Amino acid sequence: MRINALIPGYARQIVVTATPAITFQALTAEIDQWWTTNCNVITQVGDRVTFRFDSTYWVMEVVRLSENRLIELLCIEAHHLHEGLPASIEKEWEGTKLKWALKAVDGATQVDFIHEGLVSELDCYEICEQGWNFYFASSLKEYLETGRGSPYQSAET
């Protein structure tokens, strides 16, 4: 589902039974519980957070935090490797933004996610779309509703 057709990129929306405060916590301090276990937490604007998937990693800078309402990260360094895809994907995320907007709706929380700049013209789009469909729409939702997500766990640990 496209959240905002005017902003090019991957966009998806979920509704979860958790409160905006619990959802915000999951998207910041508990991101290792649903995305990747090999990352540090988000605490304040200016933080640099590294998300690792074995030899692939992305370094994000926290550019906006509005408690229980908005998280925005800017990718400042990318090292994306994926067997079977061209080497051009390595830096494709650099300059893209991850944005989660939270809104209380009828006792639940609506989470609008946009990966601004992750457009279909990128060589990594299809695999990244599949990744977000799983980690955002499935793992995060499960984590918020059952307390158990399915984050990526490094084969090296």
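This is a predicted model: local features need pLDDT of at least 70, side-chain atom pairs count only at pLDDT 80 or more; totals for chains, interfaces and linings use all residues.
What is the volume of the largest pocket? It is about 380 Å³.

**Figure 1. The largest pocket and its lining.**
The pocket has a volume of about 380 Å³. Its lining is made up of 16 residues. Closest to the pocket centre are F53, W58, H80, H82 and I127. Two elements, β3 and α2, each give two or more residues to the lining. The top contributor is α2, with six residues. By residue class, the lining holds 10 nonpolar, five polar and one charged.

**Figure 2. H80, a buried histidine at the pocket.**
H80 is among the lining residues closest to the centre of the largest pocket. This histidine sits in the loop between β4 and β5. Is H80 buried or exposed? H80 has a relative accessible area of 5%, and the cut-off for buried is under 20%, so H80 counts as buried. Leaving out residues up to four places away in sequence, H80 touches T56, Y57, W58, I89, E90, C124, I127 and C128. Among these partners, W58 and I127 also belong to the group closest to the pocket centre.

**Figure 3. H79 and its link to E90.**
H79 is part of strand β4. With a relative accessibility of 21%, H79 is partly exposed. Which side chain does H79 join through a polar contact of 2.9 Å? The partner is E90. Along the sequence, H79 and E90 are 11 residues apart. Their C-alpha atoms are 5.0 Å apart in space. Beyond four places in sequence, H79 touches S55, T56, Y57 and E90. E90 is also on the contact list of H80.

**Figure 4. The largest nonpolar core.**
This core has 40 residues. Four tryptophans, W35, W93, W100 and W132, touch the most other members. Elements that each supply at least two core residues are β1 (9-16), α1 (20-28), β2 (48-53), β3 (56-66), β4 (70-79), β5 (97-105), β6 (108-116) and α2 (125-146). Which element provides the largest share? That is α2, with nine residues.

**Figure 5. Contacts of W93.**
With residues up to four places away in sequence set aside, W93 touches W35, W58, M60, C75, A78, H115, L118, C124, C128 and W132.

**Figure 6. Helix α1 and what covers it.**
Which residues of α1 are buried? T23, F24, A26, L27 and T28 are buried in this helix. Residues three or four places apart in an α-helix point the same way, because there are 3.6 residues a turn. The cover over the buried residues of α1 includes β1, β3, β4, β5, β6 and α2.

**Figure 7. Two loop residues with positive phi.**
Neither N68 nor D106 is a glycine. Phi of N68 is near 65°. N68 is placed in the loop between β3 and β4. N68 is partly exposed, at 25% relative accessibility. D106 has a phi of about 50°. D106 lies in the loop between β5 and β6. D106 reaches 80% relative accessibility, and the cut-off for exposed is over 50%, so D106 counts as exposed.

Notes. Residues are numbered from 1 along each chain as its sequence is written. Side-chain values use heavy atoms; hydrogens and water are left out. A nonpolar core is a set of buried Ala, Val, Leu, Ile, Met, Phe, Trp, Tyr and Cys residues joined through side-chain atoms within 4.5 Å. Buried means under 20% relative accessible area, exposed over 50%, partly exposed in between (1.4 Å probe, protein chains only). Helices (H or I, at least four residues) and strands (E, at least two) are DSSP runs, numbered from the N terminus. Contact means heavy atoms within 4.5 Å. On a 1 Å grid over the protein atoms alone, a cavity is a set of points where a 1.4 Å probe fits but cannot get out, and a pocket is an open set with protein on both sides within 12 Å along at least five of seven lines; lining residues have an atom within 4 Å of a point. Grid points are joined across faces, edges and corners, and a volume is the space filled by probe spheres set on the points. Ala, Val, Leu, Ile, Met, Phe, Trp, Tyr, Cys and Pro count as nonpolar, Asp, Glu, Lys and Arg as charged, and the others, Gly among them, as polar. A polar contact is a pair of N or O atoms within 3.5 Å; within protein, one must be able to donate a hydrogen and the other to accept it, and residues adjacent in sequence count only if both atoms are side-chain atoms.
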